[in-house]
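My notes follow in the order I took them.

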Amino acid sequence: MKRLREVIPIVGMTRRVIQGYEKAGVAAPSTRDKYGRLLYDDSAVERLLQIRLYKDIGLDKNEMLDIFDAPSSDRSKEIIEKHINNLTKEKEKIENMINVIKKMQSTGIIISDLRIKINGLETANYDELLSYLVSLNDSEEEDNQQANGKPNVKLNQDD
């Protein structure tokens, strides 16, 4: 059995966060010692680790309860699938931002330059500016490849 202060570094959550999950009924200590301190067995620690994973992927307390209550149910599968899709979209957004920043570095173009110097982009929003930057650099890369006699092949930039 571990005391709460021993569990905190294992699960990477603060005392207040753990207590919030306990109050919501998502987690529970195994028992209390004779001084009233909360004690957690391996099973309770494992549940807190699972809660941490669910928290990190964006599940709320009610979704966690649904999954813990019926892990094989259609509702649980639906919750997990929804969050996988959200994480996939977030991953794509981050990868796109990395590519945009790399393109901005390689071309020396900054967002404010696009709004000020490019006719028609004075009122463009952020997403439109990024799309323009990506398309501008993509067309420049294609022109450079054709001018250098290199095949016009786009590589997936996963690194």
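Before looking at the helices I wrote down the term I would need: a crossing is left-handed if the near helix is turned anticlockwise from the far one by less than a right angle, and right-handed if clockwise. I also noted that this is a predicted model.

Entry 1, H3 and H4. I looked up this pair with that term in hand, and H3 passes H4 in a right-handed crossing. The two helices pack at an angle of about 130°, and their axes are 11 Å apart. That angle makes H3 oblique to H4. On the H3 side I listed Arg 47, Gln 50, Ile 51, Tyr 54 and Lys 55, which meet Met 64, Ile 67 and Phe 68 of H4. Sorted by class, the contact of H3 with H4 has five nonpolar residues, one polar and two charged.

Which way does H4 pass H5, left-handed or right-handed? I found a left-handed crossing for H4 and H5. Helix H4 covers residues 61-69 and helix H5 residues 74-107; their axes come within 8 Å and cross at roughly 135°. H4 and H5 are therefore oblique to each other. From H4, I noted Glu 63, Asp 66 and Ile 67. They meet Arg 75, Ser 76, Ile 79, Ile 80, Lys 82 and His 83 of H5. By class, I recorded three nonpolar, two polar and four charged residues in the contact of H4 with H5. Ile 67 of H4 is on my list for H5 and also on my list for H3.

I then went back to helix H1 (residues 4-11) and helix H2 (residues 15-23), whose axes come within 10 Å and cross at roughly 95°. Angles of 65 to 115 degrees count as roughly perpendicular, so H1 and H2 are roughly perpendicular to each other. H1 brings Leu 4, Arg 5, Ile 8 and Val 11 to the contact, and H2 brings Arg 15, Ile 18 and Gln 19. I sorted the residues of the contact of H1 with H2 into four nonpolar, one polar and two charged.

In what order do the three strands lie? I read the order as S1-S3-S2, in an open sheet with antiparallel pairing. Strand S1 (2-3) and strand S2 (31-32) are at the edges with a single partner strand each, so one side of each has no neighbour in the sheet. I found two bridges joining S1 to strand S3 (residues 38-40). For Arg 3, I looked up the bridge partner in S3 and got Leu 39. Helix H3 (residues 42-56) packs on the sheet and touches S1 and S3, with its direction at about 85° to that of S3.

How many salt bridges does a search of the whole structure find? I got seven salt bridges. Asp 42 is in helix H3 and Lys 2 in strand S1, 40 residues apart, and the pair links distant parts of the chain.

How values were computed
Residues are numbered from 1 along each chain as its sequence is written. This is a predicted model: local features need pLDDT of at least 70, side-chain atom pairs count only at pLDDT 80 or more; totals for chains, interfaces and linings use all residues. Side-chain values use heavy atoms; hydrogens and water are left out. Two strands pair if DSSP finds at least two bridges between them. Helices (H or I, at least four residues) and strands (E, at least two) are DSSP runs, numbered from the N terminus. Contact means heavy atoms within 4.5 Å. Axes are lines fitted to C-alpha atoms, for helices over the stretch in contact, and angles run from 0 to 180 degrees between N-to-C directions. Angles under 35 degrees count as roughly parallel, over 145 as roughly antiparallel, 65 to 115 as roughly perpendicular and the rest as oblique. Ala, Val, Leu, Ile, Met, Phe, Trp, Tyr, Cys and Pro count as nonpolar, Asp, Glu, Lys and Arg as charged, and the others, Gly among them, as polar. A salt bridge is a side-chain nitrogen of Lys or Arg within 4 Å of a carboxyl oxygen of Asp or Glu.
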